[in-house]
Amino acid sequence: MTMHPFDSQLALPGVAEATGASAPWRVRRERLIPLATIAVLLFAWWAVTRFGLIPDLFLPSPQAVFAKLVAVATDGFVDATLWQHLAASLGRMLTAFAAAVVTGVPLGLLIGASPVARGIIDPLIELYRPVPPLAYLPLIVIWFGIGELSKVLLIYLAVLAPVVIATAAGVRGVPRDRLNAARALGASRLQLGYAVILPNALPDILTGLRIGLGAGWSTLVAAELVAATRGLGFMIQSAAQFLVTDVVLLGIFVIAAVAFGLDGLIRLAQRRLTPWHGRV
Amino acid sequence: MTDVRFDQVSVHYPGQHGPVLDRVSLSLAPGELVAVIGASGCGKTTLLNLVAGFQTPSAGRVSVAGRPVAGPGADRGVVFQDDALFPWLDALDNAAFAARMQGVARSERDARARAVLAQVGLGGAEHRRVWEMSGGMRQRLGLARALVADPAILLLDEPFAALDALTRETVQELLLTLWGRTAKTVLLVTHDIEEALFLATRVVVMAPRPGRIVDVIEAGFGRRFLAGEATRALKSEPAFIALREQVLAGVFAREQAA
């Protein structure tokens with residue numbers, strides 16, 4: 001029996017159309033609009049400072065902030081260069097993030113797979129998750145001191161919850177037919193776990209990582225409130241105390257750029273590792 | 001020797017009025033292709049799930065080759081309505097899944113997967129991704145995946161329901177060709193009366209509330225297709241149309257009465 005001509009031809013035109021003639025324009029427009037938004041914002045910023053509508057103390061000009069970037073990168077601010085601040089923050093973030101992935105994904109798998117594990121772990125996470133990190137920061141300091149451990153732990157807790165919850169949701173979201181298909185093909189319980197449930201949950205896990213990363217950045221400044229001598233959050237707070245607004249702005253921009261870059265890395269991983277997501 | 005047997009099988013769901021299946025008895029001889037049709041809620045998919053081992057009977061006995069069914073196994077291949085393929089694997093790895101679960105070495109299982117893909121007309125599509133495939137190709141792949149472990153029994157749960165009419169007919173012909181070549185015992189669940197009559201050696205008609213068998217019709221059009229007769233000629237033959245109308249009238253009469 002040969003393949004029906006209908007069949008083989010039906011497969012490709014849909015794909016071809018999606019990447020066809022109208023696509024490049026659509027892609028270009030989708031990229032252009034956000035860039036235009038940023039350009040307009042920059043221009044407005046430049047204009048209000050150029051014509052002195054807002055005093056320098058509240059809003060320094062874009063040129064001044066850029067000049068400060070160069071100055072802080074070479075000469076430093078509060079005893080450390082921008083790169084040292086950045087390295088300190090990134091080190092804490094990545095340590096906490098890695099720890100959250102290594103522990104959060106297995107915890108999520110466990111919750112999704114076992115009602116008992118769910119009964120134990122779920123309430124713990126649901127209880128601490130809605131509490132603002134600043135509220136339990138003092139407790140962490142009392143227990144673990146003012147060193148690096150407390151800072152990393154605070155960020156870790158912020159990242160952990162979304163990773164666990166998303167992983168558990170991914171595990172529970174496996175279609176019943178897909179599980180049954182694997183069982184009928186002779187998969188054991190263990191094989192179901194790594195050959196079906198894990199890859200099936202991967203899109204949700206990656207989404208959880210993205211949300212977790214965002215939560216981690218939003219906790220970074222809080223974490224560096226306590227006895228830090230380096231870090232972007234620490235740099236911003238020090239600058240705010242002396243009303244060095246350009247350094248405050250600079251710190252915000254650097255965090256935004258780094259967070260955006262890391263988020264882009266995870267999005268890239270999503271496209272590479274789970275290209276089927278949203279298509280099947 | 002393979003033989004599927006239902007012995008006074010009932011299935012109740014807790015908290016639901018009336019059984020989904022009520023004392024159903026049915027036997028499939030080795031190499032037989034039996035189609036089960038009926039209105040939704042008549043328990044036809046439950047019947048298939050019992051043989052597959054996805055479900056256990058509340059009463060009665062379901063046995064395969066003389067032994068009671070205890071859970072799913074690679075001796076029974078299942079093809080699902082919405083294909084249930086693994087989108088993170090390409091066509092070859094989907095087809096090779098059962099062999100991979102058995103721990104067969106990579107080169108050996110790839111060779112086996114290539115062979116079944118060729119059998120279902122997917123030769124050359126080994127590295128296609130699931131989402132790049134048409135509905136017809138995906139159902140072929142579903143068949144190939146179920147065939148790779150060479151199960152004695154093939155269970156098909158409305159496998160062609162989502163396909164357009166032309167594609168459906170070519171896949172029906174493919175199924176008959178494979179069945180003719182391998183002599184597997186096939187249990188096909190469908191709501192398409194024409195499909196059931198065309199493919200099956202016997203058509204089992206079920207009715208809901210409670211789910212039960214109300215009629216069994218002998219048909220032999222599938223064998224005649226394998227003997228070389230044309231599909232369209234068979235499906236438009238007076239005997240075929242008469243049987244179709246007879247089954248349809250029976251199902252309708254019970255719908256009205258219910």
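Predicted model: local features only at pLDDT ≥ 70, side-chain atom pairs only at ≥ 80, totals over all residues.
## Chain B as a whole

Helices (H or I, at least four residues) and strands (E, at least two) are taken here as DSSP runs, numbered from the N terminus.

Along the principal axes, the C-alpha trace of chain B covers about 55 × 45 × 35 Å. Buried residues make up 48% of the 258 in chain B. Take the contacts in chain B between residues at least 6 apart in sequence: 68% of them link residues at least 24 apart.

## Where A meets B

The contact draws 24 residues from chain A and 34 residues from chain B. On the chain A side, α1 (5–11), α9 (176–184) and α10 (189–223) each put in at least two residues, and α9(A) gives the most, with six residues. Sorted by class, that side of chain A has 14 nonpolar, five polar and five charged residues.

Chain B has a cis peptide bond between Arg209(B) and Pro210(B), with omega about -10°. Pro210(B) sits in the loop between β9 (202–207) and β10 (212–218) of chain B.

Then there are positive phi values outside glycine. Ala183(B) has a phi of about 60°, in the loop between α6 (165–182) and β8 (185–189) of chain B; with 12 C-beta neighbours inside 10 Å, Ala183(B) counts as exposed. For Leu243(A), phi is near 55°. Leu243(A) lies in the loop between α11 (232–241) and α12 (245–273) of chain A, and counts as exposed because it has 10 C-beta neighbours inside 10 Å.

Terms used. Residues numbered from 1 in each chain as written. Chains lettered and ligands numbered in written order. Buried ≥ 20, exposed ≤ 12 C-beta atoms within 10 Å, placed from the backbone. Contact = placed C-beta atoms within 7 Å. Nonpolar A, V, L, I, M, F, W, Y, C, P; charged D, E, K, R; others polar.
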